[in-house]
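Here is a short briefing to read alongside the model. Let's walk through a few of its details together, topic by topic.

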Amino acid sequence: MSTVLVIAVAVLVFLVIFQIAKASEYVAILKGEDRSRKENNKINGFFMITFLIAGLIGVYYCNELLVDKTLFAQPSASVQGERVDDMMKLTLVITGIVFVLTQIALFVFAYKYQENDNRKVFFFPHNNTMEIIWTVIPAIALTVLVVIGLRNWFFFTSDAPKESAVVEVTGKQFGWIFRYAGEDGVFGKKYYRMIDPANNSLGLNWRDSADINIKDDPAAHDDIVQDQTMYVVKEKPVKLIINSRDVIHDVGLSAFRLKMDAVPGTPTTLWFTPKYTTKEMREITGNPNYQYEISCDQMCGNGHYSMKGIIEVVTQAEYDEWQAKQKPAYYAAFPDKDPSNQQQAVPVAVDSAKKVTALSSAKSISTASN
Amino acid sequence: MSNEAILHSSVVAHDHHDSHDDTHHEHHHHETFITKYVFSQDHKMIAKQFLITGMFWAVLGGFMSVLFRLQLGYPDSTFPWLEDIIGKWGKGGHISAEAYYALVTTHGTVLVFFVLTAGLSGTFANLLIPLQVGARDMASPFMNMLSYWFFFLAGLVMLSSIFVETGPFSGGWTAYPPLSALGSASPGSKTGMDLWIIAMALFVVSSLLGGLNYIATILNMRTKGMSMTRLPLTIWALFFTAVLGVLSFPVLLSGFILLIFDRNFGTSFYLSDIFVSSVGALPNEGGSAILFQHLFWFLGHPEVYIILLPAMGMVSEILSTNARKPIFGYMAMVGSMFAIAILAFLVWAHHMFVTGLNPFLGSIFVLLTLLIAVPSAIKVFNWITTLWRGNIRFTPAMLFAIGFVSLFISGGLTGIWLGNSAIDIHLHDTYFVIAHFHIVMGVASMFGMFAGIYHWFPKMYGRYLNNNLGYIHFWLTMIGAYLIFWPMHYQGFAGMPRRYYDFSVWESFKQFADLNRFISTVATIVFFVQIMFLFNFFYSIFKGRKVTSTNPWSSNTLEWTTPINPGHGNWVGEIPEVHRWAYDYGKDGKDFIPQTTPVGDDESVH
């Protein structure tokens, strides 16, 4: 019913506007086209200057209203992001000045030079000096922005420091999978045809598979695989190796001011240094529910909007404690291989030295957690 | 005196097309309804066909945005009437995620290609090129007709995709594979995507047929005395637009063809290492999903200028005419458009900074992208200087032209943010991007199109649009456009991603519920304002005030030397000869000197 009412009102308003517009056209013709044109000109000239003033006030008001809801209200959660913030502020100043000056010139000229019978138009087809000036000045301003931008860009995309933690992030419809190298510090090989949604979501090479030419990779046996939540250490650089299992996704880290696509078949990387733990950030923002969220920023299907991951930034001590509780994903798939399930088991058939270290260290972790 | 009589009291008898040059177009004396209105080869009729088809798509695409803005603004409300119009996609009065993505995708595709490419350059290139260069028609009127009908066909196929069982394509207008290649990854990528590609392929054909024609006409069919440097800026802009289209659309088509192969014939151009939950591991290996993005954006970026340049050209012409003052820096305007056209081909990868692109390659694209700001700045300063010390008449066309400049500044400046990869790495695919391209490309070009419609409507139909509705249309749209898109910058500053159906579960993005509601409300109102414009348009075709002089805006260009309702062939008798550039306004104390006026002995030289 209310819908019908709304439509009726809309139609009515529309008809009224139309009738008024039509009637004023008749009036205009009766008054003489020249005279009515001049009247309209005055009205529109007045609107021009009004629009400018109201617009500039509106820009200010909009900023007052909304800036606290943006990331400008909180510090960047990463070292990299601070540079992004600085660049945005510099760019805001430069483009802001240009914005205000050009908009003022545009609307003030429109207002000031509205038709007037006494004005003689200034025939001014070109002026090389002026044109050179306004070619060179933007070029200089842009050079500054490019130089600063590229220095930061090369910093962001440089190789991660050697001491970085490494986490593999894999996007899938519609969630995130994280993998840590485990005790050996080596990510085991994986192949997408080894994926088994039940217990091997990343397709780690946990067994020989001659038909697709895959060999069991012992380095994969200690890899830790987790869904949804990633743990990183405050002030320790972390390098993400980003993959996708199906379509293109994007690891969007708005709090850290960074993002990188996840492309199937082509791994990408991104590194950053977190500055605040999640707890600290809760205090800074005054929001007890604050979370570092990973948003998927590349259209990936109908569940795109729900593809959320969490980053827990913790202290080294908290991280160590968390790490000690983790079990390699291998044991979940092959419970019989889990040392904690077979207290006496000693690895009999040893493929490589690595496997021994992997298993024994896993054992030590599991005993430690007990 | 009755209203009608007031309105049309000063009708003068004017020539109809039955009296023109016999040797040229004798056969047009026997036009039937079909040859005149349907399969017409008259560039002016084809222009109208493009315009009205473009309007149809604009209404549909605009209405889609109203629907998905309902979801964004009122995620918790139900609208039972939705179920009536979109059926299972709006079950319980709630737009489903599937429908939301289909609406977003179709809105983007339709607005970018069907409205702002075909509707804009299709209309005004067809209308203005022959009229302003002094030709009786396009180089190949038949090809021109085909160009429209391929577009029409593309539209039919696109329209049919809305009605298939699995829905229209829903992977975003950029159609990135693998999502667009795998029906198993998204229902919209099934039949809907096949139809989408076919429609786009037909559209490419249409735009190539049109573009080649525009280039050939501009280069070969200028009237006597119309040297390239005497062309109105509209024609220069349409020329660069056509060149961009002819060089870049085939690349898009090649990208689509590879996509068709991947979808239907088991190739792996874009596919590698994919495990889809519903079907398991796919056999494809060795392809690169990023390859498609290169092919797509090699068109996609020039496409932005294909949309923008015609608007720039028309705005230059309209600003100069209504400021009663020559366009400032004609050669600089041509030069900057040339620079933009060249650079348009060299910046495509700035859409791909965060795809894992080689950082060095990225840095080159940063440099070239920001370089575009220089010719753009020149154009803005030149437009503003054109207004300076002019004698401005605020016709609705002039208002939209000034609005265009304002929007172009606002949206162009944010391009400096996004073109810098170190900022893009944060703002990429957020609402900041939506704000940027809607203002600079969407709304600004739309304003250019409105300016063109208001300015050349008398030439198209021999009648005026209602001025007062024009003023209301302008001011409401101008205010609305800023109210809708300006706050979106702030949503971008919060990192809020585009293409999200619902933000309520996100701690980082859910604080904008009020703002979203506000934007949706304004968007709906602005949409209805456009409907009012359309009403004005169609009403005025039949009932508008009649044009009584051949040159209602006191303009210099050639189209105003034709009869009020020119027939096929445009001029009665000889095509006029051109003696000067198009911008002698206010020269030597004369209000305007048409291009056809010979240069006097005592005329000053500038």
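The side chains of Ser406(B) and Gln103(A) are joined by a polar contact of 2.9 Å; a polar contact is a pair of N or O atoms within 3.5 Å, where within protein one must be able to donate a hydrogen and the other to accept it, and residues adjacent in sequence count only if both atoms are side-chain atoms. This is a predicted model, in which local features need pLDDT of at least 70 and side-chain atom pairs count only at pLDDT 80 or more, while totals for chains, interfaces and linings use all residues. Residues are numbered from 1 along each chain as its sequence is written, chains are lettered from A and ligands numbered from 1 in the order in which they are written, and side-chain values use heavy atoms, with hydrogens and water left out.

**Around Ser406(B)**

- Ser406(B) sits in helix α14 (residues 396-418) of chain B; helices (H or I, at least four residues) and strands (E, at least two) are DSSP runs, numbered from the N terminus.
- With 1% relative accessibility, Ser406(B) counts as buried (buried means under 20% relative accessible area, exposed over 50%, partly exposed in between, with a 1.4 Å probe and protein chains only).
- A polar contact of 2.7 Å links the side chain of Ser406(B) to the side chain of Tyr482(B).
- Leaving aside residues up to four places away in sequence, Ser406(B) touches Gln103(A), Leu106(A), Phe107(A), Met478(B) and Tyr482(B), where contact means heavy atoms within 4.5 Å.

**Helices α9 and α11 of chain B**

- The axes of α9 (residues 233-264) and α11 (residues 330-344) of chain B come within 10 Å and cross at roughly 10°. That angle makes α9(B) roughly parallel to α11(B) (angles under 35 degrees count as roughly parallel, over 145 as roughly antiparallel, 65 to 115 as roughly perpendicular and the rest as oblique).
- Axes here are lines fitted to C-alpha atoms, for helices over the stretch in contact, with angles from 0 to 180 degrees between N-to-C directions.
- On the α9(B) side, the residues in this contact include Trp236(B) and Phe240(B), and on the α11(B) side they include Met333(B) and Phe338(B).
- Ser336(B), also found in α11 of chain B, is buried at a relative accessible area of 3%.
- A polar atom of the Ser336(B) side chain lies 3.0 Å from the backbone oxygen of Met333(B).
- Ser336(B) also touches Pro375(B) and Lys379(B), not counting residues up to four places away in sequence.

**Annotated spans**

- An unreviewed UniProt entry lists residues 43-62, 90-112 and 132-154 of chain A as "transmembrane region"; positions follow the numbering used here, feature names are shortened, and annotations may be inferred rather than shown by experiment.
- Residues 90-112 of chain A are 100% helix and 0% strand, with end C-alpha atoms 33 Å apart.
- Residues 132-154 of chain A are 100% helix and 0% strand, and their end C-alpha atoms lie 32 Å apart.

**Backbone details worth a look**

- The peptide bond from Gln173(A) to Phe174(A) is cis, with omega near -5°, and Phe174(A) lies in the loop between β1 (165-172) and β2 (175-180) of chain A.
- Pro177(B) and Pro178(B) are joined by a cis peptide bond with omega about 0°.
- Asp273(B) has a positive phi, near 55°, in a residue other than glycine, and at 26% relative accessibility Asp273(B) counts as partly exposed.
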